[in-house]
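Colleague: I am new to this structure. Could you show it to me, please?

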Amino acid sequence: MQASRSSKSAADSPCDTSAQQCQDFEASAASNTPELTFFYDGQCPLCMKEIRMLNRWNTSASVAFVNLLSTEAMIAFPEVDIDDAQKSLLAFTSDGATLRGVDATYAVWAALGKGHWMAPLNWRWLRPITLLAYRVFARYRHQLALLLTGQRRCASCELPAPPANKTDLKN
């Protein structure tokens with residue numbers, strides 16, 4: 001399955017799903033094709049915590065983060081079944097490969113230069129456990145979010161623009 005590669009602005013675009021004001025950040029610009037397009041659940045508090053952290057590291061716009069619940073953003077990806085993508089993380093590489101679940105997680109961290117932190121996900125002896133743990137997390141993420149954050153769904157799911165370059169992180 002190949003991701004469509006339409007030009008996206010670096011501006012935030014609103015999302016009207018579930019009568020919430022969400023914002024979706026598209027990291028790619030017309031002249032910069034991202035290495036990875038990563039789809040996320042913009043209403044999951046735990047997911048959003050991780051996406052915000054990853055987005056801060058996305059200084060070279062190597063990853064385009066796409067909120068599955070953003071009607072405007074998903075127009076560019078008609079091949080994505082949103083219900084299916086909600087069940088397991090989804091990412092498209094720039095060469096058209098489709099990654100799911102643990103592989104998508106590892107790919108986004110690796111694209112941001114942090115793959116070494118997620119390397120254990122791919123250790124041969126640990127992989128069956130990580131695959132099972134991910135399936136449990138994906139299925140029960142909203143209940144886990146309620147336990148850990150007191151929120152089942154985000155009240156405000158904003159994804160700010162990442163810093164323009166690494167020097168912005170120091171200021």
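Modeller: The following conversation covers a helix pair, a sheet and the cysteines.
This is a predicted model, in which local features need pLDDT of at least 70 and side-chain atom pairs count only at pLDDT 80 or more, while totals for chains, interfaces and linings use all residues. Residues are numbered from 1 along each chain as its sequence is written, and side-chain values use heavy atoms, without hydrogens and water.

Colleague: How do H1 and H6 cross?

Modeller: The axes of helix H1 (residues 45-56) and helix H6 (residues 127-149) cross at roughly 90 degrees and come within 7 Å. Helices (H or I, at least four residues) and strands (E, at least two) are DSSP runs, numbered from the N terminus. Axes are lines fitted to C-alpha atoms, for helices over the stretch in contact, with angles from 0 to 180 degrees between N-to-C directions.

Colleague: Which residues of H1 meet H6?

Modeller: Pro45, Leu46 and Cys47 do, and their partners in H6 include Phe137 and Arg141. Contact means heavy atoms within 4.5 Å.

Colleague: Changing topic, what is the strand order in the open sheet?

Modeller: The order of the four strands is S4-S3-S5-S6, with mixed pairing. Two strands pair if DSSP finds at least two bridges between them. Strand S4 (63-67) and strand S6 (98-100) each have a single partner strand, so one side of each lacks a neighbour in the sheet.

Colleague: In S6, what is the bridge partner of Ala91?

Modeller: Ala91 is bridged to Leu99.

Colleague: And is Cys44 buried or exposed?

Modeller: Cys44 is buried, at 0% relative accessibility. Buried means under 20% relative accessible area, exposed over 50%, and partly exposed in between (1.4 Å probe, protein chains only).
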